[in-house]
Amino acid sequence: MRSWGRSGIVALLLAGPAMADERIASTDVREVCAENGRPGSAYSRAHRVVMRRSVPGMILDHRIPLCVGGADVDANIQIQTKAAAADKDRLEWYACREVCRHHRLGLAEAQGFFTGDWRAAYTKVFGEVAR
């Protein structure tokens, strides 16, 4: 894992999303979901590793969540406020459940929540404005 210093975080902010990079998202739902319909253990392990400290009041998070095929690479990391991260986490868990457990969303559709404006997807799904 990369150690994020202040200069690395600034570079991350300036880089913006790299959504066209095919290495940041899987297209195979079998790689994402475990047989019991939950995100696989690789998701859980990687998520705990990435939740590392950054700037006070800010969190480093995956642009495309690991549970819907996002890769654990620098191009798939973004910095956001704790409040925004909490809202995005709610949308992530919704997408993960719908893909893996209920099979009501396809993997590409779930990834689409996060490749564009995730706040718009949040409003559409939950009927309220994200922070």
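From the N terminus on, the elements of the protein chain run α-α-α-β-β-α-α-α. That comes to six helices and two strands, where helices (H or I, at least four residues) and strands (E, at least two) are DSSP runs numbered from the N terminus. This is a predicted model, so to speak: local features need pLDDT of at least 70, side-chain atom pairs count only at pLDDT 80 or more, and totals for chains, interfaces and linings use all residues. Residues are numbered from 1 along each chain as its sequence is written, and side-chain values use heavy atoms, with hydrogens and water left out.

Of the 131 residues of the protein chain, 43% count as buried. Buried here means under 20% relative accessible area, exposed means over 50%, and partly exposed is in between (1.4 Å probe, protein chains only). Take the contacts between residues at least 6 apart in sequence: 62% of them join residues at least 24 apart. A contact means heavy atoms within 4.5 Å.

Side chains of opposite charge can pair when their charged atoms come close. The structure holds five salt bridges, each being a side-chain nitrogen of Lys or Arg within 4 Å of a carboxyl oxygen of Asp or Glu. Here are three of them, with their N to O distances.

| Pair | N to O distance |
|---|---|
| Asp61 and Lys88 | 3.4 Å |
| Asp87 and Arg131 | 3.0 Å |
| Lys88 and Glu92 | 2.7 Å |

Start with the salt bridge between Asp61 and Lys88. This pair links distant parts of the chain, with Asp61 in strand β1 (residues 58–62) and Lys88 in helix α4 (residues 82–101), 27 residues apart. Are the two partners buried or exposed? Asp61 counts as buried at 1% relative accessibility, and Lys88 is buried too, with a relative accessible area of 1%.

Lys88 also pairs with Glu92. These two are separated by about one helical turn, because they sit four residues apart in helix α4. Both Lys88 and Glu92 are buried. Put together, Asp61, Lys88 and Glu92 are linked in a network of salt bridges.

Two packed helices are described by the angle between their axes and the distance between the axes. Axes here are lines fitted to C-alpha atoms, for helices over the stretch in contact, and angles run from 0 to 180 degrees between N-to-C directions.

What does α4 do with α5? Their axes come within 10 Å and cross at roughly 175°. The two helices are therefore roughly antiparallel to each other; angles under 35 degrees count as roughly parallel, over 145 as roughly antiparallel, 65 to 115 as roughly perpendicular and the rest as oblique. On the α4 side, Lys88, Leu91, Glu92, Tyr94, Ala95 and Val99 meet Leu107, Ala110, Phe113 and Phe114 in α5. By class, that contact has eight nonpolar, no polar and two charged residues. For the classes, Ala, Val, Leu, Ile, Met, Phe, Trp, Tyr, Cys and Pro count as nonpolar, Asp, Glu, Lys and Arg as charged, and the others, Gly among them, as polar.

Then there is α6. The axes of α4 and α6 come within 10 Å and cross at roughly 60°, which makes α4 oblique to α6. The crossing is left-handed, meaning that the near helix is turned anticlockwise from the far one by less than a right angle (right-handed if clockwise). In this contact, Ala84, Asp87, Lys88, Arg90, Leu91 and Tyr94 of α4 meet Trp118, Arg119, Ala121, Tyr122, Val125 and Phe126 of α6. The tally is eight nonpolar, no polar and four charged residues.

**Two histidines**

His62 has its place in strand β1 and counts as buried at 2% relative accessibility. His62 and Ala85 are 23 residues apart in sequence and 9.9 Å apart in space, C-alpha to C-alpha.

His103 sits in the loop between α4 and α5 (107–115). Its phi is near 55°, a positive value in a residue other than glycine. At 61% relative accessibility, His103 counts as exposed.
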